Every structure is written in structure tokens, then in C-alpha cells.
Amino acid sequence: FRSTWAKLCTRSSKMPTDLCIFKATGQVVRGFGRGSKELGIPTANLSDEVIDVLPPSMLTGVYSGWAQINAGPVYKMVMSLGWNPYYKNEKKSLEVHIMNHFPEDFYGEQLKIVVLHYLRPELDFDSLDALITTIHDDIEKTEAILSGTDCQRYMADPIFRR
């Protein structure tokens with residue numbers, strides 16, 4: 001059974017330091033084919049069904065958080081949500097770069113994410129090299145952000161036990 005959903009996290013008075021922005025789960029689908037081949041930064045794309053259930057208020061841009069494939073380990077991730085201005089996409093996408101090396105593709109598998117930080121808005125770039133450099137900067141920032149104890153606790157979020 002595969003479910004697709006996304007929901008904003010709610011902040012409560014009991015957890016005023018809650019960092020969670022949103023959680024989502026869905027099937028990994030084929031994307032534009034640029035992540036690994038053109039950028040050298042593989043991504044897992046979530047299906048349109050996940051994008052369609054995100055609230056309209058969800059800002060496009062780059063985020064950091066945690067990701068899990070099926071019931072495997074939880075890894076740090078950088079996620080892009082939006083139109084990818086450099087490529088002039090006509091279709092909104094949700095692309096997750098999981099900060100781990102995987103020997104094989106995992107199309108059709110279940111991807112679960114917990115999004116904690118908004119890193120930056122979408123940007124257009126003058127060159128492919130400038131885009132790649134900025135993505136590597138996003139990865140470095142994510143590594144530092146998610147190493148903090150306030151973020152580490154989300155590795156045990158209930159979404160990863162489903």
C-alpha cells in the first residue's frame with residue numbers, strides 16, 4: 001500500500017521550538033534527468049500528487065531536512081520546490097537530494113521527508129557552473145544546520161516509523 005500526502009507542521013505552545021515546516025510521503029518518479037547527468041547531484045523526485053496537496057502558501061525555494069527511502073536509514077537532504085528558473089520549467093517539481101551515495105536508482109520506492117529549514121528562494125543563474133556551486137553551498141549549509149541537536153531529534157519523527 002502506497003500513500004501520498006503532505007501536511008504542514010503545526011506549532012503548539014507545548015513545542016514552541018518546533019522547527020518542522022512540513023512532512024510528505026510519496027512515490028519516487030522519473031524527473032527531468034538532469035540531477036545526476038548534468039549537475040552531478042542526483043535527486044529523487046516526488047510525484048505530482050505530493051506537489052498538488054501542498055498548500056498554495058508553500059514558498060518555492062530550497063529547503064533542508066531529513067529523508068528516508070522505504071524503511072531504510074534516515075539521511076540529511078536538500079530539497080528544491082518550484083520551477084527551476086535556470087531551466088525555465090513549465091511544471092513545478094519537488095526534487096530531493098539525499099546526502100548519501102546510493103548504488104542504484106530507486107524509482108517507484110516510497111520517499112518520506114521532514115522539511116525543517118527554508119534555505120533560500122529560487123534563483124536564476126548566468127551559468128550551469130554558478131547553479132552547481134550554489135547547490136554545493138546549499139549542501140554545506142544543510143550539513144551544518146542538521147548537525148545541531150535541535151534538528152537531530154527529527155531523525156526519529158513518527159513519519160519514519162510508518
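Colleague: How many of the nine residues of β4 are buried?

Modeller: A residue counts as buried when its relative accessible area is under 20%. In this predicted model, nine of the nine residues of β4 are buried, so the strand is largely enclosed by the rest of the structure.

Colleague: With which strands does β4 pair, and in what sense?

Modeller: One looks for bridges between strands. β4 pairs with β5 in the antiparallel sense, over eight bridges, and it also pairs with β7, residues 110-120, in the antiparallel sense over eight bridges.

Colleague: Where do the side chains of a regular strand point?

Modeller: In a regular strand they alternate between the two faces of the sheet.

Colleague: How many aromatic pairs does the structure hold, and how is one of them to be read?

Modeller: The structure holds five aromatic pairs. For each, one considers the distance between the ring centres and the angle between the planes. F22 and Y63 form an edge-to-face pair, at 6.4 Å centre to centre and with 85° between the planes. This pair links distant parts of the chain, since F22 belongs to strand β2 (residues 22-29) and Y63 to strand β4, 41 residues apart. Both F22 and Y63 are buried. Another edge-to-face pair is formed by Y86 and Y87, at 5.0 Å centre to centre and 90° between the planes. Y86 is partly exposed, with a relative accessible area of 26%.

Colleague: Which residues form an aromatic cluster, and what sits over the ring of Y87?

Modeller: F22, Y63 and Y118 form one aromatic cluster. Over the ring of Y87 sits the charged end of R34, 3.7 Å from the ring centre.

Colleague: How many disulfides are found in the whole structure?

Modeller: The search finds zero disulfides. C151 is buried, with a relative accessible area of 0%.

Colleague: What is the secondary structure of the chain as a whole?

Modeller: It comes to four helices and seven strands. Read along the sequence, these follow the pattern β-β-α-β-α-β-β-β-β-α-α. The radius of gyration is 15 Å, close to the 15 Å that the globule rule gives for 162 residues, so the chain is as compact as a globular protein of that length. Along its principal axes, the C-alpha trace spans about 45 × 35 × 30 Å.

Colleague: What part of the chain is buried?

Modeller: Buried residues make up 47% of the 162 residues. As for contacts with a separation of 6 or more, 67% are between residues 24 or more positions apart.

Key: Residues numbered from 1 in each chain as written. Predicted model: local features only at pLDDT ≥ 70, side-chain atom pairs only at ≥ 80, totals over all residues. Heavy atoms only, no water. Disulfide = S-S within 2.5 Å. Buried < 20%, exposed > 50% of the residue type's maximum accessible area, 1.4 Å probe, protein only. Helix = DSSP H or I, 4+ residues; strand = E, 2+ residues; numbered from the N terminus. Pairing = 2+ DSSP bridges. Phe/Tyr/Trp six-rings, centres within 6.5 Å; stacked < 30°, edge-to-face > 60°. Lys NZ or Arg CZ within 6 Å of the ring centre and 35° of its normal. Rg over C-alpha atoms; globule rule 2.2 N^0.38 Å. Contact = heavy atoms within 4.5 Å.
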